[in-house]
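This report concerns a protein model and its ligand.

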Amino acid sequence: MLTEDQKRTYYEDGVLVIKDMIPSEKLLNYRDAYERMVEKVRAHPNAKEEYNARLIGGKTNTESPTEEEQKEIWGADWLLHPDLYEPEFTDYLENEKLISALQCLLGPDLELYGLKALWSPVNITYDLYWHRDGKQDSYSTDGGIPPGWLQWNTALYREESFHVVKGSHRRPLSEEESTIYGTTKPVANQEVLVLEPGEALFMHQAVLHRGKALSTSKRRAFHYIVARTDFAVGTRRLRQFKEWYDQLNLGQKLGPISKPLFENFFAWEGRTFDDNTYPYPPGGRSPDKKEQN
Ligand SMILES: O=C(O)CCC(=O)C(=O)O
């Protein structure tokens, strides 16, 4: 459950840090599980295709990386892939504090939409450019309420990675922000949010932000996404998740908090990313209706 102050911070700043999201007694196990995953991704000759690994050459703006450096990896999207999956990745979702916080911002009915990981490369700085997760010119006109889905980072080690211009999700970008958009240049009012181990950072998709991690600092973060069940999301992801979920027999293994996140997602076969005409179930909320919980 979030306090009124926490909700206000999220709506006004577009970011909210919550302490102790991972119970301290679980942290070491989570780190070990994460490390096994990182090793497997790094060892795979085709990690980009197989695990949707994020390569320096692909998306970051690090100055002139060499050919070798371009192959360095700073994250992977398919933590549910049976090669990579570790029970700790879903154990984190079996977490009353986490789910109730998400429900405060998104509403009671949630579905899992992404299980991803972000980490520091070995030899080069990961230095992602300024961006909004939605379109460059889209921002919230409804008081900073999340638009159907929300992503959040959870740090397993102390990190100083997330750079943000707080409040930028509620207004058009300034001239300066438009100029530095897509680059790593400094900008007025930028802040670096420090996360201690076990802390979570909820973000609004329209907030101007970027990530950075030096190779000398150990970043290991979960980067997960949930959506409201009445928010249409992609069928490609749905099919992949369902296949892996069945292969891993997660329907039999997950607990009562995390299982509905998956089952809700699978319940709506046939959706597409912007399918606003898809028939929503009786009692489901309209995709246009924005609720503040
Ligand atoms: O590194 C981060 O925390 C930000 C990542 C990010 O902005 C993205 O994946 O789009």
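The sections below cover the basis of the model, the ligand site and the confidence values.

## Basis

The model is predicted, and local features need pLDDT of at least 70, side-chain atom pairs count only at pLDDT 80 or more, and totals for chains, interfaces and linings use all residues. Residues are numbered from 1 along each chain as its sequence is written, and side-chain values use heavy atoms, with hydrogens and water left out.

## Ligand site

The ligand takes up the space of the largest pocket. A pocket is an open set of points on a 1 Å grid over the protein atoms alone, where a 1.4 Å probe fits, with protein on both sides within 12 Å along at least five of seven lines; a molecule sits in it if more than half of its atoms lie within 2 Å of its grid points.

Around the ligand are 13 residues (a heavy atom within 4 Å), and R54, Y126, N153, H209 and R219 come nearest.

## Polar contacts and cover

Polar contacts are pairs of N or O atoms within 3.5 Å. A polar side-chain atom of Y126 is 2.4 Å from a ligand oxygen. For the side chain of R54, the distance from an N or O atom to an oxygen of the ligand is 2.6 Å, and for N153 it is 2.9 Å. Of the 300 Å² of accessible area that the ligand has on its own, the protein covers 97% (Shrake-Rupley method, 1.4 Å probe).

## Confidence

Average pLDDT (the predictor's confidence in each residue, from 0 to 100) is 89 for the protein, and 89% of the residues score at least 70. Over residues 273-293 pLDDT stays under 50; the model has 41 contacts (heavy atoms within 4.5 Å) beyond four places in sequence for this stretch.

Terms used
A polar contact is a pair of N or O atoms within 3.5 Å; within protein, one must be able to donate a hydrogen and the other to accept it, and residues adjacent in sequence count only if both atoms are side-chain atoms. On a 1 Å grid over the protein atoms alone, a cavity is a set of points where a 1.4 Å probe fits but cannot get out, and a pocket is an open set with protein on both sides within 12 Å along at least five of seven lines; lining residues have an atom within 4 Å of a point.
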